[in-house]
Structures are given as structure tokens and as C-alpha cells.
Amino acid sequence: MHNELAPDQELNGQLFCKGPVQIVDGNHKTVHSWFFPEFKIIEDIHTRLEILSRGSLVGALISHFMFETVHPFHEGNGRVGCFLFRMCLSEPLSPAVALTLSSSINQNVLKCYKAFQTVEHLLNHSDCTSFVIFLLKTLLAGQQEFANLIEQHP
């Protein structure tokens with residue numbers, strides 16, 4: 001990413017962002033702030049990798065939540081997160097299934113943001129159940145849409 005990012009977007013830590021950064025909406029309201037200092041990001045990435053090593057579908061879904069929540073870079077987290085998510089789903093499912101989920105998420109992006117916010121709500125205590133259910137329903141919808149396309153064009 002050398003010379004591709006504005007100076008305030010370049011990594012300033014050893015591997016990731018070292019200070020606090022926030023995502024704000026059009027009204028300048030903070031909708032997400034992520035981990036800092038950098039050692040906490042590194043700890044969370046290690047936890048994510050441990051969960052992924054178990055090879056479960058639910059683990060891959062929760063791992064996606066964790067990566068997006070940690071938000072280790074100033075720019076490009078969504079693209080990197082989606083790529084990693086598809087790769088994680090390719091093993092317990094298949095590459096084709098992973099691609100249909102990405103398409104379904106793009107069609108329901110506002111619901112996806114809401115699912116993230118629900119887990120992050122203080123009173124929810126980081127329970128990812130609603131997020132996993134949202135992604136499983138989204139996965140099913142993508143598969144149904146894919147099946148419909150196949151039926152229409154044999």
C-alpha cells in the first residue's frame with residue numbers, strides 16, 4: 001500500500017494501527033471504535049486464528065465478526081475481511097457457497113451493520129448468537145437465490 005494511502009491512514013504501529021481510531025456515520029456519530037493499543041490487536045488476531053484452526057462453520061462466522069471488530073488497519077478492513085471470510089468458509093463449505101454469502105451480505109449490508117451493532121451493544125455482553133443467526137440466514141438466502149438461477153438457466 002506504499003504511496004496509496006493518505007499519511008493519516010498509513011500504519012503507524014509495528015504491524016497494525018497503534019492508536020485509537022473510530023468509524024463515524026454521516027452525522028459524525030461514532031458507530032464503532034476498535035482495539036488499541038496494538039498489542040491488543042495482535043492478541044485478538046491470535047485468538048481468531050485459534051478459533052479458525054478448529055475448522056467449524058460457526059467458528060468461521062465468529063472469526064469474521066472478530067476481524068471486522070478489531071479493525072486492524074486504517075483503510076481496507078472491509079475488503080480484507082471479506083476476502084479472509086470467503087477463504088475461511090471455503091473449507092467447511094465450498095468456494096461457491098462462500099461467494100454466494102458475499103453477494104447476499106452485499107444485498108443486505110445495512111442489516112449486516114445492524115448485526116454487528118447488536119453484538120457490540122453494552123447490554124449484549126458480546127454474545128455473537130444473533131450475528132451467527134443473521135449470517136446463517138443470509139447464507140441460506142444466497143444458496144436459495146443461486147439454486148433459483150440454476151433452475152432458470154439449465
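**Helix packing and a salt bridge in a predicted model**

K40 is found in helix α1, residues 38–52. Helices here are DSSP runs of H or I with at least four residues, numbered from the N terminus. The model is predicted, so local features need pLDDT of at least 70, side-chain atom pairs count only at pLDDT 80 or more, and totals for chains, interfaces and linings use all residues. Residues are numbered from 1 along each chain as its sequence is written, and side-chain values use heavy atoms, with hydrogens and water left out.

K40 is partly exposed, at 39% relative accessibility. Buried means under 20% relative accessible area, exposed means over 50%, and partly exposed lies in between (1.4 Å probe, protein chains only). K40 and K18 are 22 residues apart along the chain. Their C-alpha atoms are separated by 9.5 Å.

One salt bridge is counted, defined as a side-chain nitrogen of Lys or Arg within 4 Å of a carboxyl oxygen of Asp or Glu. E50 forms a salt bridge with R54. The closest N and O atoms of E50 and R54 are 3.2 Å apart. E50 is partly exposed, with a relative accessible area of 47%. R54 is exposed, at 58%.

Two packed helices are described by the angle and the distance between their axes. Axes are lines fitted to C-alpha atoms, for helices over the stretch in contact, and angles run from 0 to 180 degrees between N-to-C directions. Helix α3 (residues 77–90) and helix α4 (residues 95–107) have axes that come within 8 Å and cross at roughly 140 degrees. The two helices α3 and α4 are therefore oblique to each other. Angles under 35 degrees count as roughly parallel, over 145 as roughly antiparallel, 65 to 115 as roughly perpendicular and the rest as oblique. The crossing of α3 and α4 is right-handed; the near helix is turned clockwise from the far one by less than a right angle, and anticlockwise for left-handed. F85, R86, L89 and S90 of α3 meet P95, A98, L99, L101, S102 and I105 of α4. Contact means heavy atoms within 4.5 Å. By class, this contact has seven nonpolar, two polar and one charged residues. Ala, Val, Leu, Ile, Met, Phe, Trp, Tyr, Cys and Pro count as nonpolar, Asp, Glu, Lys and Arg as charged, and the others, Gly among them, as polar.

The axes of helix α5 (residues 109–120) and helix α6 (residues 129–152) also come within 8 Å. They cross at roughly 160 degrees, so α5 and α6 are roughly antiparallel. Their crossing is left-handed. K111, C112, A115, F116, T118 and V119 of α5 contact S130, F131 and F134 of α6. This contact has six nonpolar, two polar and one charged residues.
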